[in-house]
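This report walks through one protein model for a reader who has not seen it before. It starts from a loop and then turns to the overall layout, the helix contacts and the rings.

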Amino acid sequence: MSELNLLDVVRTSVVSKKWRHCWTWARKLEFDMDFFRDIIYNKNLELSNVVDLVLSQNHGPIYKFLLCAWNSFSPNESLDVSWWLTLLSEKGIKKLYLLAYMSSRISILPSYSNALVLSV
């Protein structure tokens, strides 16, 4: 289960009540184009709310975090990832990828970025 991407883990968790919460133990959190299309866009959800939920309910170390902000915001809107970076640092992140496409902007508050320590 730890080798599956987040979308596959979420799909697996609906197969059985026994596996219902398996997504909370995912080690690779990949909010990629497929995740964006299948979960965020098709279900009309807010990307930041979904990432907040996944990170706050994750129970273990996170080894990989990939975020593709794919034209999900209005031109005047940005995505503040400061809290996420702090949480990821506490959970032992090894690989971090933040990708912004089109009109998406990702911002990091200086107070959080100064406290963030990542080691690979």
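Asn44 sits in the loop between H2 and H3. In this predicted model, Asn44 is exposed, with a relative accessible area of 70%. Its phi is near 55°, a positive value in a residue other than glycine. Most residues other than glycine have a negative phi.

## Overall layout

The protein has five helices and five strands. Read from the N terminus on, the order of the elements is α-β-α-α-β-β-α-β-β-α. The protein has 120 residues, of which 36% count as buried. Among contacts with a separation of 6 or more, 76% are between residues 24 or more positions apart.

## Helices H1 and H2

Helix H1 covers residues 6-13 and helix H2 covers residues 33-41; the two pack at an angle of about 40°, and their axes are 9 Å apart. On the H1 side the contact involves Leu6, Leu7 and Arg11, and on the H2 side Asp34, Phe35, Asp38 and Ile39. Sorted by class, this contact of H1 with H2 holds four nonpolar residues, three charged residues and no polar ones.

Ile40 is also part of helix H2. Is Ile40 buried or exposed? Ile40 is buried, at a relative accessible area of 4%. Apart from neighbours within four places in sequence, Ile40 is in contact with Phe35, Leu45, Glu46, Leu47 and Val50.

## Helices H3 and H4

Helix H3 (residues 47-57) and helix H4 (residues 82-90) have axes that come within 11 Å and cross at roughly 20°. Angles under 35 degrees count as roughly parallel, and H3 and H4 are therefore roughly parallel to each other. The crossing in which H3 passes H4 is left-handed. H3 contributes Ser48, Val51, Asp52, Leu55 and Ser56 to the contact, while H4 contributes Trp83, Trp84, Leu87 and Leu88. These residues of the contact of H3 with H4 comprise six nonpolar, two polar and one charged.

Within H4, the buried residues are Ser82, Trp84, Leu85, Leu87 and Leu88. Trp83, which is in helix H4, is partly exposed, with a relative accessible area of 39%.

## Pairs separated along the chain

| Pair | Separation in sequence | C-alpha to C-alpha distance |
|---|---|---|
| Ile40 and Val50 | 10 residues | 7.9 Å |
| Leu67 and Leu47 | 20 residues | 9.8 Å |
| Trp83 and Asp52 | 31 residues | 8.9 Å |

Of the residues in the table, Leu67 has its place in strand S2. At 0% relative accessibility, Leu67 counts as buried. Trp83 and Asp52 both belong to the contact of H3 with H4 described above.

## Aromatic rings

How many aromatic pairs does a search of the whole structure find? The search finds two. In one of them, Phe31 and Phe35 are arranged edge-to-face, with 5.0 Å from centre to centre and 85° between the planes. Both Phe31 and Phe35 are buried.

The other ring pair is formed by Phe31 and Phe65, with centres 5.6 Å apart and planes at 55°, so this pair is tilted. Phe31 lies in strand S1 (residues 28-31) and Phe65 in strand S2 (residues 64-70), so the pair ties together parts that are 34 residues apart in sequence. Phe65 is buried, as is Phe31.

Taken together, the ring pairs link Phe31, Phe35 and Phe65 into a cluster.

How values were computed
Residues are numbered from 1 along each chain as its sequence is written. This is a predicted model: local features need pLDDT of at least 70, side-chain atom pairs count only at pLDDT 80 or more; totals for chains, interfaces and linings use all residues. Side-chain values use heavy atoms; hydrogens and water are left out. Axes are lines fitted to C-alpha atoms, for helices over the stretch in contact, and angles run from 0 to 180 degrees between N-to-C directions. Helices (H or I, at least four residues) and strands (E, at least two) are DSSP runs, numbered from the N terminus. Angles under 35 degrees count as roughly parallel, over 145 as roughly antiparallel, 65 to 115 as roughly perpendicular and the rest as oblique. A crossing is left-handed if the near helix is turned anticlockwise from the far one by less than a right angle, and right-handed if clockwise. Contact means heavy atoms within 4.5 Å. Ala, Val, Leu, Ile, Met, Phe, Trp, Tyr, Cys and Pro count as nonpolar, Asp, Glu, Lys and Arg as charged, and the others, Gly among them, as polar. Rings of Phe, Tyr and Trp (its six-membered ring) pair if their centres lie within 6.5 Å; planes under 30 degrees apart count as stacked, over 60 as edge-to-face and the rest as tilted. Buried means under 20% relative accessible area, exposed over 50%, partly exposed in between (1.4 Å probe, protein chains only).
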